[in-house]
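Please take a moment to look over the sequence and the structure shown below before reading on. The paragraphs that follow lead from the whole chain to its sheet, its cores and a few single residues.

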Amino acid sequence: MDFPSLRVFLSVAEHRSVTRAAAALGRVASNVTTRIQQLEEDLGVLLFNRDGKQMTLTREGRLFLSYAKRMAALADEARHSLSASGRPATLRVGTMESTAASRLPHILPRFGTVAPHISLRLTMGATRDLARAVLAEELDCALIALPIGKHAAAWLADVDFCQLELAPLWSEEVLIILPPDHPPVRNAADITVGTLAALEAGCTYRRMAEDWLGRLPPFMTIEMSSYHAVVASVLAGGAVGVVPASILSQLQVSRDMIQTVVAGSAQTSFLTHKNAGSSELDTFRTALLSAGGASS
């Protein structure tokens, strides 16, 4: 087994095609096919199902994919550490939209000053999707939210947290927002609007709101693309919404324009794979923990 063969395997797994993988790698298709066959012979298993030109991973291939990603990442790290070229290292960072909008703009400039050799590639998504991406080692780390008092493994039962590590950063109030003319609200039973405006499924804040509102008949949830859209829907009077307090403050919506009820508090945490480890990741973690202590 060699690193060029691992690269070929990862490309075929990504593109599900020898032809497309060959084009992406700048190789001829026959060379890619030979590399895959040699790797399968070396491992003693079939890594791909061949259905015409379509290449899909076998069960053994899916198992090997995780190891291949780790070995390729370690090779890249070793190459960078030994290189004298001074090329910047890149961290693949996942973040929720709310964190990217309200927290990172204050943190990233300071991080860039202390670690100019590290570049960040940000991917935005919901907590569940980000956790899955870190578990699959598609991201090096992620900033996710979990309800305070809830165990991560119980809240996201479909994510294997035995392989992940969490470092708490800061807490966040989760608000239910209501139209200004809505009658006063003490609990969910007082809400007269039957529609919830929220971000995509997998968003912790959305699930917390749905749990808080939980009653029969259930609320209909309208999926929005941004918190600006959520607030606009509430101001129009057709829905209640869910936003973290930091976002509502940033949008500068006055309390005479909108009503708020606290649905609970969530902890934003730094999520990594237990197998992950690099000086770049440690530097980013330290910067976030320092900022978290000042922001909680």
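A contact, as the word is used here, means heavy atoms within 4.5 Å. Residues 24 or more positions apart account for 74% of those contacts in the protein that have a separation of 6 or more. This is a predicted model, in which local features need a pLDDT of at least 70 and side-chain atom pairs count only at pLDDT 80 or more, while totals for chains, interfaces and linings use all residues. Residues are numbered from 1 along each chain as its sequence is written, and side-chain values use heavy atoms, with hydrogens and water left out.

The pLDDT is the predictor's confidence in each residue, from 0 to 100; it averages 86 over the protein, and 92% of the residues score at least 70. The C-alpha atoms fill a box of roughly 70 × 45 × 30 Å, taken along the principal axes. The secondary structure comes to 12 helices and 10 strands, where helices (H or I, at least four residues) and strands (E, at least two) are DSSP runs numbered from the N terminus.

Eight strands form an open sheet with mixed pairing, and their order is β4-β3-β5-β10-β6-β9-β7-β8; two strands pair if DSSP finds at least two bridges between them. At the edges lie β4 (118-124) and β8 (220-223), each of which pairs on one side only, and the twist averages 30° from one strand to the next. Within the sheet, β7 (residues 195-198) and β9 (residues 240-244) pair in the parallel sense over two bridges, and Ala 197 has Gly 241 in β9 as its bridge partner.

Helix α6 (residues 104-114) lies across β3, β4, β5 and β6, running at about 160° to β4, whereas helix α10 (residues 227-235) lies across β6, β7 and β9, running at about 145° to β9.

Where does Leu 120 lie? Leu 120 lies in strand β4, and its contacts, not counting residues up to four places away in sequence, are with Leu 91, Val 93, Leu 108, Phe 111 and Phe 284. Buried means under 20% relative accessible area and exposed over 50%, with partly exposed in between (1.4 Å probe, protein chains only). Leu 120 has 26% relative accessibility and therefore counts as partly exposed.

Of the 296 residues of the protein, 44% count as buried. A nonpolar core is a set of buried Ala, Val, Leu, Ile, Met, Phe, Trp, Tyr and Cys residues joined through side-chain atoms within 4.5 Å. The largest such core has 52 residues, of which Ile 177, Ile 191, Tyr 205 and Val 240 touch the most other members, and β6 gives the most to this core, with six residues. Leaving aside neighbours within four places in sequence, Val 240 is in contact with residues including Ile 176, Ile 177, Ile 191, Leu 213 and Val 234.

The loop between β6 and β7 holds Asp 190, whose side chain reaches the backbone nitrogen of Arg 186 at 2.8 Å. Asp 190 also touches His 182, Pro 184 and Val 185, when residues up to four places away in sequence are not counted.

Note on methods:
Axes are lines fitted to C-alpha atoms, for helices over the stretch in contact, and angles run from 0 to 180 degrees between N-to-C directions. A polar contact is a pair of N or O atoms within 3.5 Å; within protein, one must be able to donate a hydrogen and the other to accept it, and residues adjacent in sequence count only if both atoms are side-chain atoms.
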